[in-house]
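This report describes helix packing, aromatic pairs and selected residues in the structure shown below.

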Amino acid sequence: MDRHRTIGIAVAGLLVVFGMLFIAFLYPPATKYPDSDWYIKIASGDISHVPQPFGSRVLHPMIVSALSAASGLGLDASFYVVNVLALFGLIFVLSLFFSEISFMNPILAFAVLFAPFLFLIHRNFYLSDMFFGFLAILFLFFLKKKNIILSLSLLFLLFFSRPTDAAILGVLLIVFSFLKKEFKFVRAGSIVVLIAYLLSSQII
């Protein structure tokens with residue numbers, strides 16, 4: 001697929017985002033899940049009272065806290081802004097990702113982007129799901145490009161968003177790399193998974 005078509009699909013993906021946000025703004029945010037309180041506590045600096053597995057999911061609320069401190073926005077608004085940015089990023093990268101898969105019809109790609117679960121995730125913006133999804137698709141995008149430094153750096157960060165899901169991605173990376181005889185990914189991936197797992201499990 002040529003570069004112009006790739007950029008065109010990526011831009012179309014951003015237009016989808018605008019449509020999604022327009023629809024999302026027609027509805028108030030959903031009632032906070034009980035789990036939302038743990039992310040708010042971390043963003044507030046009260047991590048010592050947060051149980052696992054939420055205590056290891058520090059990356060998203062720490063970015064929210066940094067945005068709040070830098071901009072003067074309240075935590076609620078900062079959670080929303082980070083979620084919107086993650087939504088933009090997820091769909092932009094997803095559009096690029098789909099555009100490079102020859103058998104993936106762009107119409108089907110856009111149909112996936114309108115899936116109801118994205119609206120639900122966006123409305124529950126205290127949770128780290130959208131943020132994790134953005135990092136995960138970015139990880140897969142750079143992995144497809146065989147960029148070992150960026151892909152494994154993102155895998156490392158994923159362990160501080162949702163460690164269990166990141167571990168699954170890490171194991172799949174190691175297994176498929178081994179089967180494809182890409183041993184540099186096996187070695188580097190194993191080191192990253194081990195270090196990230198140990199560090200994320202020792203946060204609290």
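## Aromatic pairs

Six aromatic pairs are present in the structure. Rings of Phe, Tyr and Trp (its six-membered ring) are paired if their centres lie within 6.5 Å; planes under 30 degrees apart count as stacked, over 60 as edge-to-face and the rest as tilted. The model is predicted: local features need pLDDT of at least 70 and side-chain atom pairs count only at pLDDT 80 or more, while totals for chains, interfaces and linings use all residues. Residues are numbered from 1 along each chain as its sequence is written, and side-chain values use heavy atoms, with hydrogens and water left out.

One of the pairs joins Phe79 and Tyr126, with 5.2 Å centre to centre and 55° between the planes, a tilted arrangement. Phe79 lies in helix α4 (residues 75-99) and Tyr126 in the loop between α6 (116-123) and α7 (129-144), so the pair ties together parts that are 47 residues apart in sequence. Helices here are DSSP runs (H or I, at least four residues), as are strands (E, at least two), numbered from the N terminus. Both Phe79 and Tyr126 are buried; buried means under 20% relative accessible area, exposed over 50% and partly exposed in between, with a 1.4 Å probe and protein chains only. Another pair is formed by Phe141 and Phe142, whose ring centres are 5.6 Å apart with planes at 70°, so this pair is edge-to-face. Phe141 is buried, at 11% relative accessible area. Phe79, Tyr80, Phe125 and Tyr126 are linked by ring pairs into a cluster.

## Packing of α7 against α8

Helices α7 and α8 pack at an angle of about 155°, and their axes are 8 Å apart. Axes are lines fitted to C-alpha atoms, for helices over the stretch in contact, and angles run from 0 to 180 degrees between N-to-C directions. The angle makes α7 roughly antiparallel to α8; angles over 145 degrees count as roughly antiparallel, under 35 as roughly parallel, 65 to 115 as roughly perpendicular and the rest as oblique. The crossing of α7 past α8 is left-handed, a term used if the near helix is turned anticlockwise from the far one by less than a right angle, with right-handed meaning clockwise.

On the α7 side, Phe132, Leu135, Ala136, Leu138, Phe139, Phe142 and Leu143 make the contact, and on the α8 side Leu150, Ser151, Leu154, Leu155, Leu157 and Leu158. Contact means heavy atoms within 4.5 Å. By class, the residues of this contact are 12 nonpolar, one polar and no charged. Ala, Val, Leu, Ile, Met, Phe, Trp, Tyr, Cys and Pro count as nonpolar, Asp, Glu, Lys and Arg as charged, and the others, Gly among them, as polar.

The axes of α8 and α9 come within 8 Å and cross at roughly 150°, which makes α8 roughly antiparallel to α9. Leu152, Leu155 and Leu158 of α8 meet Pro163, Ala166, Leu169, Gly170 and Leu173 of α9.

From α8, Ile148, Ser151, Leu152, Leu155 and Phe156 take part; their partners in α10 are Lys184, Phe185, Ala188, Gly189, Val192, Val193, Ile195, Ala196 and Leu199. This contact of α8 with α10 has 11 nonpolar, two polar and one charged residues.

## Loops with positive phi

Lys146, in the loop between α7 and α8, has a positive phi of about 65° although it is not a glycine. Lys146 is partly exposed, with 40% relative accessible area. In the loop between α9 and α10, Lys181 has a positive phi near 60°, again in a residue other than glycine. Lys181 is exposed, at 64% relative accessible area.

## Individual helix residues

Ser177 belongs to helix α9 (residues 163-179) and counts as buried at 4% relative accessibility. Leaving aside neighbours within four places in sequence, Ser177 contacts Glu182, Phe185 and Val186.

Lys41 lies in helix α2 (residues 36-43) and is partly exposed, with a relative accessible area of 30%. Not counting residues up to four places away in sequence, Lys41 touches Asp46, Ile47 and Val50. The C-alpha atoms of Lys41 and Gly55 are separated by 9.8 Å, the two residues being 14 residues apart along the chain.
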